Amino acid sequence: MATPPASTPKSDFPWWLAAAIVLAVLAALYIATSDLYAQVFATVAKGIGITVFVTVVAFALASAIGLGIALMGLSGSRWLRQIARFYVEIIRGVPILVLLFWIAFAGAPAFVAAWNALTAPLQNAGLMGELLVRDVSLLWRAIMALTIGYSAFISEVFRAGIQSVEKGQIEAAKALGLSRTQRFRLIVFPQAIRTILPPLGNDFVAMVKDSSLVSVLGVADITQMGKIYAAGSFRFFETYSIVAYIYLILTVGLSLALRALEQRLRRAQEE
C-alpha cells in the first residue's frame with residue numbers, strides 16, 4: 001500500500017510576536033497611567049538619541065573598516081593577508097569592555113601625544129593649537145572602541161560573503177575585460193550582499209545592546225540615564241525595568257525590520 005504524500009506544512013503563526021506585542025502594549029499603557037513609571041521613562045528616554053547616534057556612527061565606521069580588512073584578507077599580497085589576519089585575531093580576542101577602557105584611557109592619550117608630535121612644526125609656527133586629552137570627548141572614545149571592536153567581526157562577515165560568489169562568474173568577468181574594481185562593484189558585491197545582509201543585521205542589533213557599555217565612561221545613553229535616576233531615587237526595579245523595555249523595543253523592532261528586508265531580497269532573487 002502506497003504511503004500518501006505528506007501535506008505541505010503551513011507557516012507557523014508567530015504567536016511569540018503576538019504575545020510580545022500584547023505585553024509591550026500593556027506595558028506602554030501602564031507606563032502612561034503611572035506617574036512613577038512615566039517619570040522614569042521620561043528620564044531614561046533622554047538617552048535614546050545618544051544610543052542611536054553611537055550605534056549608527058560606530059556601525060557605519062566599523063562596516064567601512066571591516067570591508068577594507070576583508071579586501072586585504074582576500075588580496076593577492078601575502079603581507080596584506082597576514083596584516084588583516086593579525087588585526088582580526090587580535091581585536092576579536094579582546095573583550096569589548098576591556099577595549100573600551102583601553103581606547104578611552106590609554107589609546108586616546110597616545111593618539112594625542114602622537115598628533116602633537118606630528119604637528120609640532122605647525123604648532124610652533126602658531127598655525128594650530130596643541131591638542132589636549134580632554135579635547136577628545138568620551139563619546140568619541142566610546143564610538144572608536146565600538147568601531148574597532150566590531151570591525152574585526154564585520155570583516156569576517158564580508159569575507160565569507162565575498163567568497164560565497166561562484167568563481168566561474170568572476171572568471172567570466174575577467175574574460176570580458178572588466179578590471180578588478182569593476183568586477184567587485186558590478187559582479188561580486190551585488191551577489192555577496194544577499195549573503196552578507198543577515199549576519200550584518202545581527203551585528204547591528206548586537207551593537208545596539210553593546211552600546212550600553214559606553215555608560216561606564218559616563219556617556220549619557222539609555223543605561224547611563226537609568227543608572228543616574230536609580231542612584232538618586234533608589235527605584236532600581238522600576239528604572240531597570242524601563243531600561244530593559246526600551247532596549248527590547250529597539251532590538252526586537254530592528255530584528256523584525258531586518259527579517260522583512262531579508263525575505264524581500266530572497267523573493268526578489270527567486271523571481
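**A helical patch, annotated spans and aromatic pairs**

I21 belongs to helix α1, which covers residues 15-33. The model in which this residue is placed is a predicted one. Together with V22, L23, V25, L26 and L29, I21 makes a nonpolar surface patch of about 570 Å².

According to the unreviewed UniProt entry, the annotation "transmembrane region" covers residues 12-32, 52-74, 94-118 and 242-261. Within residues 52-74, the model is 96% helix and 0% strand, with the end C-alpha atoms 32 Å apart. Residues 242-261 are 100% helix and 0% strand, and their end C-alpha atoms lie 29 Å apart.

Confidence in the prediction can be followed along the chain. The average pLDDT of the protein is 88, and 94% of the residues score at least 70. Among the elements, helix α3 (residues 48-73) has the highest mean pLDDT, at 95, whereas helix α8 (residues 167-175) has the lowest, at 77. Where pLDDT is low, predicted coordinates should not be read in detail.

Aromatic side chains form a further theme. The protein has eight aromatic pairs. In one of them, the ring centres of F59 and F204 are 4.9 Å apart and the planes stand at 75°, so the pair is edge-to-face. This pair links distant parts of the chain, since F59 lies in helix α3 and F204 in helix α9 (residues 180-210), 145 residues apart. Both F59 and F204 are buried.

In another pair, the rings of Y150 and F153 have centres 6.4 Å apart and planes at 55°, so the arrangement is tilted. Both residues lie in helix α7 (residues 138-163), three residues apart, about one turn of the helix. Y150 is buried, with a relative accessible area of 5%, whereas F153, at 37%, is partly exposed.

Key. Residues numbered from 1 in each chain as written. Predicted model: local features only at pLDDT ≥ 70, side-chain atom pairs only at ≥ 80, totals over all residues. Heavy atoms only, no water. UniProt positions renumbered as here; feature names shortened; annotations may be inferred. Helix = DSSP H or I, 4+ residues; strand = E, 2+ residues; numbered from the N terminus. Patch = residues over 30% accessible without salt bridge, like charges linked within 9 Å, V, L, I, M, F, W, Y side chains within 5 Å. Areas by Shrake-Rupley, 256 points an atom, 1.4 Å probe, with all protein chains shown as cover. Salt bridge = Lys/Arg side-chain N within 4 Å of Asp/Glu carboxyl O. pLDDT = per-residue confidence, 0-100. Phe/Tyr/Trp six-rings, centres within 6.5 Å; stacked < 30°, edge-to-face > 60°. Buried < 20%, exposed > 50% of the residue type's maximum accessible area, 1.4 Å probe, protein only.
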